[in-house]
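This report looks at confidence, strand pairing and aromatic contacts in turn. The sequence and the structure come first.

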Amino acid sequence: MRIEVLPIFLMFQVVVSLKHNDLIIAVGDTLELLSDGKTFQTLTLDSYNASKLSALAYDPVAKKLFFSDTRHRHGHIFSVDLNDEFDHPVVDIVEKKDNETVGSLTYDPVDKTLLWMDGFNRSIRRVKIEHETFHAEEKGDVEILHSFDDAKKPSGLICDPCTRMLYWTNVHESRPTIERSFINGSHPKVIIANDMFRPMTLDLDVPEKKLYWAQSLRNGSFYIERSFVNGTGREEIYRDVGQIIISLAVGGDYVYWGDYTQKKLWSLRKNGSSSSPLTLGTFRNPPTSIVLRHQPLDCSLLEQSQTGKLIAHQSATITIACFTITSLLIIGVVAIFMLRIWTFRSGRKLLVSDKDEDTFPFQDFDNGRDSYSRKMTQ
């Protein structure tokens, strides 16, 4: 008797619909609107001649875009209302006085505060937008939140409106880092310091609580990494050569970046389902900044979502554990059953063999007795 146990595999195919975010891209002296990764539209600024746009930030509540123009003589940071489809007046928000620069911008919709990185003066600055026609000057109205020593070169900057945290990159000559503090500037801390070279760009996936950054090496290679906001769970998601990444943005399903060398806008799936990025556009000038044109974040719903994901993860873990234990029990029962069958068959063979050995002498004795009887008769 032969018994074979064949494993049964259940295969499920899950089709996930990935969607591109609506983007705003700073390219030279123009602002480009990209919808669903396909349709470009140039944003026309009323009564304003841009020269070189370098940083963007978006207010999802007021649907307002903040941008900096590095070559403007007097203006420093500007805003434009995107509620109207055709009318886009530009407002001068912050006026520079000396050699101030804006390397990166981020906006906190909770406190209505604009924060930016001044790379030249090695500082993080902020100003609260009091009203629609608010105007501030660098000397007096702007608060210096963080000031760094000469060895540090602050670059990327992003805030988390839900956890009230601020993150930035430091392109230090010998010890580049990624750091954070509370959004009010207190408790600064280095969260990533190992294996860093030039973390120029930085962005935050608020729902997933993950930081994304890109580094371009001197040998021509570059790579994009991510980690949790506390610096743990670090992983590389893409590596290649021939690009210098100067802008980065993280959406719901894709991570986007701008390439200085090829002057292209790229996208890559966050879930790792594709190893090759897609080109979304090629421009005359490098895309110096990218920002998502997203809906306002509901931090309470995000917290509930994280709790739900944790419960789902725990449930999945328990389900897998139960399935594993059940499978092991089934395998154990089958093994015992097969062992019993094997033992039964072996015992039966042994009984047959013993019977043959016991009766064989008697067979010879009977044959001998028959021969003896025949002799006596004769």
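The pLDDT is the predictor's confidence in each residue, on a scale from 0 to 100. The model shown here is a predicted one, and the protein chain has a mean pLDDT of 84, with 81% of its residues reaching 70 or more.

**Strand pairing**

Strands β8, β9, β10 and β12 form, in the order β8-β9-β10-β12, an open sheet of four strands with antiparallel pairing. Its edges are β8 (104-108) and β12 (143-147), each of which pairs on one side only, and neighbouring strands of the sheet are turned against each other by 20° on average, with direction ignored. Within this sheet, strand β9 (residues 113-118) runs antiparallel to strand β10 (residues 123-128), and six bridges join the two; M117 stands opposite I124 in β10. In general, the strands of a sheet pair through backbone hydrogen bonds, in either a parallel or an antiparallel manner.

**Aromatic contacts**

The structure holds 10 aromatic pairs, and two of them are set out below. A pair of aromatic rings is described by the distance of the centres together with the angle of the planes.

| Pair | Centre to centre | Angle between planes | Arrangement |
|---|---|---|---|
| F67 and F78 | 5.5 Å | 20° | stacked |
| F148 and W168 | 5.9 Å | 55° | tilted |

The pair of F67 and F78 links distant parts of the chain, since F67 belongs to strand β5 (residues 64-69) and F78 to strand β6 (residues 75-81), 11 residues apart.

For F148 and W168, the planes stand at 55°, so the pair is tilted. This pair, too, links distant parts of the chain: F148 lies in the loop between β12 and β13 (154-160), whereas W168 lies in strand β14 (residues 165-170), 20 residues apart. Both F148 and W168 are buried.

Elsewhere, F222, Y238, W257 and W266 form one aromatic cluster. A charged side chain also meets a ring in this model, with K210 lying over the face of F228 at 5.1 Å from the ring centre.

Methods: Residues are numbered from 1 along each chain as its sequence is written. This is a predicted model: local features need pLDDT of at least 70, side-chain atom pairs count only at pLDDT 80 or more; totals for chains, interfaces and linings use all residues. Side-chain values use heavy atoms; hydrogens and water are left out. Two strands pair if DSSP finds at least two bridges between them. Axes are lines fitted to C-alpha atoms, for helices over the stretch in contact, and angles run from 0 to 180 degrees between N-to-C directions. Rings of Phe, Tyr and Trp (its six-membered ring) pair if their centres lie within 6.5 Å; planes under 30 degrees apart count as stacked, over 60 as edge-to-face and the rest as tilted. Buried means under 20% relative accessible area, exposed over 50%, partly exposed in between (1.4 Å probe, protein chains only). A charge sits over a ring if NZ of Lys or CZ of Arg is within 6 Å of the ring centre and within 35 degrees of the ring normal.
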